[in-house]
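Try each task before you read its solution.

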Number of protein chains: 2
Amino acid sequence: MFEFGEERFFTSAITVDNVIFGFDDGEIKILLIKRGTTPFKGKWALPGDFAHPDEDLDFASARVLKELTGLSNVYLEQVQSFGHPNRHPDGRVITVAYFSLIKISDFALQASGWASGAQWMSLKDIPELAFDHNEILDACFSKLQRRVRVQPIGFELLPPKFTLTDLQQLYHAILLPPPDKSIDKRNFRKKILAMDLLIDLNELQEGVAHRPAKLYRFDPSKYRKLVESGFSFEV
Amino acid sequence: MFEFGEERFFTSAITVDNVIFGFDDGEIKILLIKRGTTPFKGKWALPGDFAHPDEDLDFASARVLKELTGLSNVYLEQVQSFGHPNRHPDGRVITVAYFSLIKISDFALQASGWASGAQWMSLKDIPELAFDHNEILDACFSKLQRRVRVQPIGFELLPPKFTLTDLQQLYHAILLPPPDKSIDKRNFRKKILAMDLLIDLNELQEGVAHRPAKLYRFDPSKYRKLVESGFSFEV
DNA sequence: TCAAAAGTGTTCTTATTACACCCATGG
DNA sequence: CCATGGGTGTAATAAGAACACTTTTGA
């Protein structure tokens, strides 16, 4: 089966790690788990697992996500692989990082063996994580920031009905504009409506102590067309 | 060392595969090798190797490049990992794909053990390759196309002195614009000179049967500043 | 003197930015 | 009636697209 000497390379393991982004309360949140097993038992970490022998990488990542959140058919994108020789104390472990976008409204935590707890954390409160997971998280957030300028994937993070202010806050939370060039409300609305991706539901917010905002939903068929034709979207 | 059962995952191998881009004669070329060992002995393939136990992925990719071309300090970017369970007949092998940009003028093929031959091939003449290397190549070329719109890395492919027409042909070869919207010469020059990345060498081409073009070189210090401030460049 | 590629500006159109007031609701 | 956030348009500026002729050289 092996060329001479080749078998000495078949001693590595592959994991996938998921940076699961959600949006709540005007902030981007990340779903972290408290590790239930060594190494780094008790530390916060990205949800991840070994890729099983018969699994493609994308499949492994989707499986981890499903085991933890119960969700499938979720936006999932491979970001980067990390392979420092000493990144894992048990041996040579290369990890393939993915990020996914989920609607927190859909979220219900699943019982899952390998995590003794899971929690949404704001980007600004991220503690020191197990392994090189802080570095992985940074790479994934950067990728999200770049991706959102070029594809309207932000919708993946919003509930089915949302207001234009929700959408603007989401872009604000992802792009983190400096205070001197915060996103202009009128220009943002003009641009987003010109894309013709939103459907006006002719419904209003209820129970707010101010003028109620109109609710929109997102038009997936137009979205698909736009993604295919590969447009550019800058806020 | 291992958690119970964990050792069954330490049976994979990691490789790196490099898509080495060059530019010559108005075309993007890729450096392929003819495999000297099984599997796929005698087939064309991307240059690649197993990541050694003590090597980071970036390092392994740079080593492959150096062994094959003698070059170091080359533009090298991780693109994507590929891990179909059956992509390698000898076992579970995940590969991490990189692309690199080299100046063909710097290139001198090195004798290297694992390739019985290496050759530059035009994108349009790529044969069926070993493993899933056609798929890897496509992903890397797409990434190059996206990267070049946002960072002026095209210069990495040109000789130290070049004309504006060389540069335009390079962009043409990467972006492959449809015939109805080919790159406009005047607008291209205006834009590229406005970026203030080129130094006019006050030299002219020699020995051409037409008006000789001015030669330019590229200013790496201004380039670094631009890359840091993260600009956007669309042709 | 001819063929071949180099070099050069202007106009039109489109996109981006900056900016301030009235409106509807619940408390 | 007040506080809160929702909703709206226009003018100025900047960026992008379209377009054709003259120049220099070697053969």
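**Exercise 1: The start and end of a helix**

In this predicted model, find the residue that caps the N-terminal end of helix α4 (residues 185-194) of chain B.

*Solution.* Begin at the N-terminal end of α4(B), where the cap is Asp184(B). Next, look at its side chain: an oxygen there lies 3.1 Å from the backbone nitrogen of Arg186(B).

**Exercise 2: The extent of the interface**

Work out how many residues of chain B are in contact with chain A, and what area the two chains bury.

*Solution.* Start with the contacts: 35 residues of chain B meet 35 residues of chain A. Now turn to the area, which is about 3100 Å² between the two chains, with 54% of it on carbon and sulfur atoms. On the chain B side, Phe9(B), Phe10(B) and Asp90(B) supply 21% of the area buried against chain A, more than any other three residues.

**Exercise 3: Polar links and contributing elements**

Count the salt bridges and the residue pairs in polar contact between chains B and A, then say which elements of chain B take part.

*Solution.* The salt bridge count is 0. For polar contacts, there are 14 residue pairs across the interface, both residues at pLDDT 80 or more. Elements giving two or more residues to the side of chain B that touches chain A are β1 (13-24), β5 (75-82) and β6 (93-101) of chain B. The largest share, 4 residues, comes from β5(B). Finally, sort the residues on that side of chain B by type: 16 are nonpolar, 11 polar and 8 charged.

How values were computed: Residues numbered from 1 in each chain as written. Chains lettered and ligands numbered in written order. Predicted model: local features only at pLDDT ≥ 70, side-chain atom pairs only at ≥ 80, totals over all residues. Heavy atoms only, no water. Contact = heavy atoms within 4.5 Å. Buried area = accessible area lost by both parts, 1.4 Å probe. Salt bridge = Lys/Arg side-chain N within 4 Å of Asp/Glu carboxyl O. Polar contact = N/O pair within 3.5 Å; in protein donor to acceptor, adjacent residues only side chain to side chain. Nonpolar A, V, L, I, M, F, W, Y, C, P; charged D, E, K, R; others polar.
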